Amino acid sequence: MEKKNRIVAAFLAVIVFVVMLYSALYIAAEADHDCVGDNCPICAQINVCQNTLKNLSLAVCAAVFAAAFTYTLCRSISACADITPSYTLVSLKVKLSD
């Protein structure tokens, strides 16, 4: 099940990357088109691509920030756990005999 989740996550990441790439390429290709004025379909599509890029880039930045924060937090906790000795009855050599 975990392998399936990784495959789905990788597939979704590739899809997001492709959408962002093609949106940027479309904007670059149609930047100097012959505009017909109001209700220009190419201008409307460029606007949709710009909104898509804006929303996806915000989501990607939030995901990267969350992953970096989680990684940093886990590294700092594990570093503190290595320094702090764990006291158990076995490590203290306590004999529990009645």
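First, a definition I keep needing: buried means under 20% relative accessible area, exposed means over 50%, and partly exposed is in between (1.4 Å probe, protein chains only). With that I looked up valine 36, which at 67% relative accessibility counts as exposed.

Ground rules next. This is a predicted model, where local features need pLDDT of at least 70 and side-chain atom pairs count only at pLDDT 80 or more, while totals for chains, interfaces and linings use all residues. Residues are numbered from 1 along each chain as its sequence is written, and side-chain values use heavy atoms, with hydrogens and water left out.

**Entry: helices and the loop**

I needed the helix rule: helices (H or I, at least four residues) and strands (E, at least two) are DSSP runs, numbered from the N terminus. Helix H1 covers residues 2–29, and helix H2 covers 41–83. Valine 36 sits in the loop between H1 and H2. I also checked how far valine 36 is from lysine 3: they are 33 residues apart along the chain, and their C-alpha atoms are separated by 51 Å.

Asparagine 39 is in the loop between H1 and H2 too. I noted its phi, which is near 60°, a positive value in a residue other than glycine. Most residues other than glycine have a negative phi, so I wrote this one down. Asparagine 39 counts as exposed, at 79% relative accessibility.

**Entry: after H2**

Lysine 93 lies in the segment after H2. Its phi is near 55°, again positive in a residue other than glycine. At 74% relative accessibility, lysine 93 counts as exposed.

Proline 85 is also in the segment after H2, but it counts as partly exposed, at 48% relative accessibility. I checked proline 85 against alanine 67, 18 residues back along the chain, and their C-alpha atoms are separated by 28 Å.

**Entry: cysteines**

How many disulfides does a search of the whole structure find? It finds zero, where a disulfide is a pair of cysteine sulfur atoms within 2.5 Å. Cysteine 35 is in no disulfide, and the nearest cysteine sulfur, that of cysteine 43, is 3.5 Å away. Cysteine 35 counts as partly exposed because its relative accessibility is 44%.

Cysteine 49 is buried, with a relative accessible area of 8%.

**Entry: serine 23**

Buried or exposed, I asked about serine 23? It counts as buried, because its relative accessibility is 7%. Serine 23 belongs to helix H1. Leaving out residues up to four places away in sequence, serine 23 touches Cys49, Thr52 and Leu53, with contact meaning heavy atoms within 4.5 Å.

**Entry: a nonpolar patch**

I found a nonpolar surface patch of about 590 Å², made by Val14, Phe17, Val18, Leu21, Tyr22 and Leu25. Patches are made of residues with over 30% relative accessible area and no salt bridge; like charges are joined within 9 Å, and nonpolar side chains (Val, Leu, Ile, Met, Phe, Trp, Tyr) within 5 Å. The areas come from the Shrake-Rupley method with a 1.4 Å probe, and for residues only the protein chains shown count as cover. I picked out phenylalanine 17, which is in helix H1. It is exposed, with a relative accessible area of 56%.

**Entry: salt bridge**

Side chains of opposite charge can pair when their charged atoms come close. I searched the whole structure and got one salt bridge, meaning a side-chain nitrogen of Lys or Arg within 4 Å of a carboxyl oxygen of Asp or Glu. Glutamate 2 forms it with arginine 6, and the closest N and O atoms are 3.0 Å apart. Both residues lie in helix H1, four residues apart, about one turn of the helix. Glutamate 2 counts as exposed at 56% relative accessibility, and arginine 6 counts as exposed at 59%.

**Entry: aromatic pair**

The structure holds one aromatic pair. Rings of Phe, Tyr and Trp (its six-membered ring) pair if their centres lie within 6.5 Å; planes under 30 degrees apart count as stacked, over 60 as edge-to-face and the rest as tilted. The rings of phenylalanine 65 and phenylalanine 69 have centres 6.4 Å apart and planes at 20°, so I logged the pair as stacked. Both phenylalanine 65 and phenylalanine 69 are exposed.
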